[in-house]
Structure formats: C-alpha cells, structure tokens
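Welcome, and please open your viewer. We will go from stop to stop, with something to select at each one.

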Amino acid sequence: MRYALFLGCTIPVRGQNYEMSARKVAEALGIEFVDVPEFSCCGFPAKSVDFMTSLLMSARNMAIAEEKGLDILTLCNACTVTLVEAQEEFRKHPELLEEVNKKLARIGKKYTGKIKVRHFARFLYEEYGVEKLKEHVKRPLENLNLAAHYGCHFIRPSEVYEEFDDPEHPVSLDRLIEATGARSVDYMEKEKCCGGGILGIKEEDALKMTKEKLDEVKKVNADAMISICPFCSIMYEGSQKKIEKLFETEYGIPVLYYPQVLGLAMGFTPEEMGFKLNRVRANKVLEKVGGDEKGRD
Amino acid sequence: MEEVIRVKELDRNFKYQVIKEPGGEALLKCFACGTCTASCPVREVDERFSPRKIIRMTILGMKKEVLENEFIWLCSGCYLCQERCPQDVRITDLMTALRNVAVKEGYIHPSFVAQISFLYRLGRLYEVTEFDNKKRAKLGLPQIQSQPDEIRLLFDETGISKFVEEKE
C-alpha cells in the first residue's frame with residue numbers, strides 16, 4: 001500500500017501534530033506514504049479568482065503523482081475537494097482536460113485522469129476497514145466521549161464523493177472514532193461549517209459560525225472534538241481563546257486530529273502523537289486514558 | 001441600495017455572462033424557493049448574505065449591485081444549499097462563477113489578491129520558513145522547500161499573474 005502524501009499548505013506549518021500522528025499511524029498500519037517535494041498548493045485559493053487556474057494547479061499536482069504511478073492520499077478537506085472536483089470536471093468535460101493539458105505542456109506535464117485521490121480518513125473507513133483498524137487497538141479509549149467534526153469538504157458535494165457517506169448525516173468518522181474504543185457522541189449542528197472559508201473575508205461572521213458548534217459540543221460535555229481538517233482545527237482550536245474573549249464565554253474544549261486519538265489507542269505515546277502542539281490542553285483527555293503529555297503511563 | 005429597481009438600468013446580458021462561466025450554467029433553473037437561504041450557515045450569522053437574493057438580482061440583471069457588493073465573497077463554500085436545492089442550481093458553484101465574473105470585471109476581493117500573491121511567490125499559501133523547517137526537523141518531519149517556478153508559468157498562462165502584488 002504505497003500512496004503519494006498530499007500535505008497541502010496548512011498542515012506543514014500549522015498542523016504538524018496532524019502530520020506527525022498521521023505518518024506514525026500509517027506506518028504502523030502498513031501504509032507507506034511517499035513524499036513528493038514538487039507538490040504545490042492544491043489550487044483551492046485560486047478557484048474564487050479564476051477556475052481555470054485552480055484546475056491547472058490541481059491537474060499539475062495529479063500529473064506528478066501519475067508520473068510516479070501513485071494514487072494520492074490527502075489530509076486536508078479543502079485539498080481533497082479541490083483535487084476530486086477537478087477530476088470530476090475532467091470526467092464530465094473531456095474538452096476541458098484537453099485545454100488544461102495544452103497549458104500544462106508549457107511545463108512539460110500531462111494529466112490523463114488515471115489516479116485516485118482520497119482523504120486518509122475515507123481511505124481508512126472505506127478501504128483499510130474499521131474491523132482491521134480495531135485489530136491494531138491495544139489500549140481502547142473506553143472512557144472518552146468524542147464529538148466528531150467532519151468538515152464540509154470531506155463529504156460534500158456528495159456527487160464528487162461517490163456518496164461514500166451521507167452528505168448531511170454522515171457516519172464514517174463516528175465509526176472510525178468508535179474503532180478506538182471511545183464513544184462518538186451526538187450533538188446538534190453536526191453538519192455545520194466551521195466558518196474557515198470566510199475567515200479572511202469577514203472574521204466576525206466566521207467566528208460566530210465557529211462559536212455555534214463549540215456551544216453545541218459544550219452542551220453534550222464531550223471530552224474533545226475530533227477533526228480531520230487543518231483549517232477546521234484552526235477555527236475550533238486556534239480561534240477558541242479569541243472566541244471565548246469576544247463572546248465572554250468559556251469552552252476549554254480540546255480539538256484533536258483523528259490520527260492522534262487512533263495513535264493513542266494503538267499504543268503510541270501522547271508525545272509521539274504531537275499532543276504538545278495542541279493549543280487547547282488535552283490533559284484531562286490524557287488523564288482519562290491513563291497518561292500525560294510526556295507519554296508517561 | 002435603492003428600493004426601486006429601474007428596468008432601464010438593468011443589464012439583461014448579465015445572466016448570460018454568468019451562465020457562460022463554469023459553475024453558472026444552471027442559473028435560470030432557479031424558481032426562487034429559498035431553500036438555499038434557509039440552509040445557509042452564513043445567513044444565520046449575517047443577514048446581508050442571502051443566496052436566493054443574489055440569484056434573483058443576477059437574473060434581473062443588477063450587474064453592478066451584485067459584482068461590487070461584498071456579499072458574493074461571503075459564501076463559506078459549505079455546499080449545504082447545493083445538496084438541498086430542488087432545482088439543482090448548483091449554488092456553491094454559482095457563487096464561484098459570480099466571483100470569477102467579478103474578477104474579470106475588475107472587482108477582486110483584497111483577501112484573494114493576497115492569496116494569489118502568496119501562491120505566485122511560493123507556490124503555496126504559507127511560507128515554510130527556516131524556523132518552521134528547524135521545528136519540522138526536531139519533530140522528525142521532512143524539510144519543505146518552495147518550488148514556485150512552474151506555478152508562475154501557469155499563472156502567466158491564464159493571466160492571473162496580473163493580480164500579484166510586488167512581483168520580484
């Protein structure tokens with residue numbers, strides 16, 4: 001199982017705990033990530049300015065993976081939707097792919113549409129399989145109540161995701177959480193957007209959107225939120241202090257990346273899973289599973 | 001905005017301009033039910049934003065009012081409206097189409113000027129500084145170097161390099 005790892009822009013600088021935990025967990029599961037230094041941004045930010053530019057950036061990245069004969073696994077929801085949507089556009093409009101390839105010829109590249117692009121979490125759920133994951137769990141996180149946050153682009157638009165999960169009532173991440181032995185709790189507004197898409201346009205609106213979900217997660221007393229997207233985590237974790245101040249409220253809700261908790265359950269130490277880099281301290285979570293941030297049991 | 005819509009001032013070709021843009025094709029299917037606005041998480045926190053209203057204004061031909069208004073940049077891209085639209089108007093994609101038209105007509109949001117400039121300069125949205133790479137090494141993560149050359153050529157090819165600030 002060899003895959004090109006598509007990190008995107010945000011993870012290498014703002015989501016190193018996600019990257020560390022995903023790499024370690026993958027290795028232990030027998031999944032080989034291949035680093036591709038030539039990968040650029042997926043193209044997502046260019047989409048609002050010029051759709052063709054975004055398609056070109058996506059196609060360039062996918063052409064590079066194709067040259068190496070590797071399917072792509074992603075960790076960021078926005079990267080996932082951008083690459084997968086480009087594939088869908090090319091499938092629906094072959095003339096568009098021709099146009100893209102004419103432009104890619106300038107940099108000596110060509111994309112033929114052969115490779116598969118999937119989010120790592122989707123891959124774990126769909127291909128690796130929840131049952132097989134469970135075989136790797138050495139320390140079931142039995143005492144934990146975790147609130148799954150899917151993030152919009154993991155499941156929507158559903159037409160580009162072959163409906164591997166329901167676009168409004170998804171279950172995949174809940175099942176993945178349960179595989180660690182933890183309980184995946186229900187809460188209102190589970191399908192809600194983090195607001196990250198408009199953080200740079202109107203911060204106040206974006207933070208209000210983020211707040212709505214934090215309020216709901218607080219109501220059900222979850223021990224932590226579980227994210228699979230670096231930008232969603234920036235909103236819920238990175239902006240949590242700011243929201244507390246702005247709206248005079250308190251949350252203290254840790255926001256953990258799925259591979260971090262999977263790794264804990266597989267027997268990795270919190271240090272190996274990058275818990276030190278979590279902005280909202282997860283001490284209580286770690287106490288509940290019988291360890292601390294340094295990794296002492 | 002004036003309360004009276006003056007027919008003389010409407011641009012009847014605007015809707016066709018939007019339809020020609022990728023993502024805008026299904027615009028005229030809209031029967032104004034409002035499911036999009038009712039589903040919209042941005043609308044919940046900011047009443048200025050209403051996809052239904054933007055679609056109506058576009059079909060009516062209120063070109064200037066649509067393109068110069070900040071509201072076309074307020075869609076967070078969550079796709080809930082697109083999932084629920086009974087007419088398959090593909091509203092999230094339509095918002096992208098409107099932004100692309102706005103850019104062509106000279107209305108680009110400053111946030112995107114900044115993002116495009118970063119992409120041109122670095123090939124990525126955030127700089128991976130020497131400090132970041134040192135931290136990455138300590139964490140056992142591989143080094144990351146910017147490789148923007150091919151991205152610059154592609155931006156020249158589509159013409160969006162003209163939006164880049166402070167080209168080297």
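This is a predicted model: local features need pLDDT of at least 70, side-chain atom pairs count only at pLDDT 80 or more; totals for chains, interfaces and linings use all residues.

**Stop 1: a loop in chain B**

Select B:Ala32, which sits in the loop between helix H1 (14-20) and helix H2 (35-39) of chain B. Which residues does B:Ala32 touch, not counting residues up to four places away in sequence? Show B:Arg52 and B:Arg56, and you have them.

**Stop 2**

Colour residues 10-104 of chain B as domain 1 and residues 110-163 as domain 2. The C-alpha centres of these two domains of chain B are 31 Å apart.

**Stop 3: a helix pair in chain A**

Next, select residues 120-134 of chain A for helix H7 and residues 172-179 of chain A for helix H9. Their axes come within 10 Å and cross at roughly 35°, and the crossing of H7(A) and H9(A) is left-handed. To see the contact, show the side chains of A:Ala121, A:Leu124, A:Tyr125, A:Val130, A:Leu133 and A:Lys134 on H7(A).

**Stop 4: the largest pocket**

Rolling a probe the size of a water molecule over the atoms shows where empty space is left. The largest pocket holds about 1,000 Å³ of space. Where is its centre? Select A:Phe44, A:Gly196, A:Gly197, A:Phe231 and B:Gln115, which lie nearest to it among the 49 lining residues. Elements giving two or more residues to this lining include helix H5 (77-92) and helix H11 (230-238) of chain A, and helix H8 (110-122) of chain B. The lining has 29 nonpolar, 16 polar and four charged residues.

**Stop 5: the second largest pocket**

Finish with the second largest pocket, with about 430 Å³ of space. Select A:Phe51, A:Glu89, B:Pro22, B:Gly23 and B:Glu25, which of its 25 lining residues lie nearest the centre. Helix H4 (51-67), H5 and helix H6 (94-104) of chain A, along with H7 of chain B, each supply at least two lining residues. How many residues of this lining are charged? The count is 13, beside eight nonpolar and four polar.

Technical notes:
Residues are numbered from 1 along each chain as its sequence is written. Chains are lettered from A and ligands numbered from 1 in the order in which they are written. Side-chain values use heavy atoms; hydrogens and water are left out. On a 1 Å grid over the protein atoms alone, a cavity is a set of points where a 1.4 Å probe fits but cannot get out, and a pocket is an open set with protein on both sides within 12 Å along at least five of seven lines; lining residues have an atom within 4 Å of a point. Grid points are joined across faces, edges and corners, and a volume is the space filled by probe spheres set on the points. Helices (H or I, at least four residues) and strands (E, at least two) are DSSP runs, numbered from the N terminus. Ala, Val, Leu, Ile, Met, Phe, Trp, Tyr, Cys and Pro count as nonpolar, Asp, Glu, Lys and Arg as charged, and the others, Gly among them, as polar. Domain bounds come from an automatic or database domain assignment. Axes are lines fitted to C-alpha atoms, for helices over the stretch in contact, and angles run from 0 to 180 degrees between N-to-C directions. A crossing is left-handed if the near helix is turned anticlockwise from the far one by less than a right angle, and right-handed if clockwise. Contact means heavy atoms within 4.5 Å.
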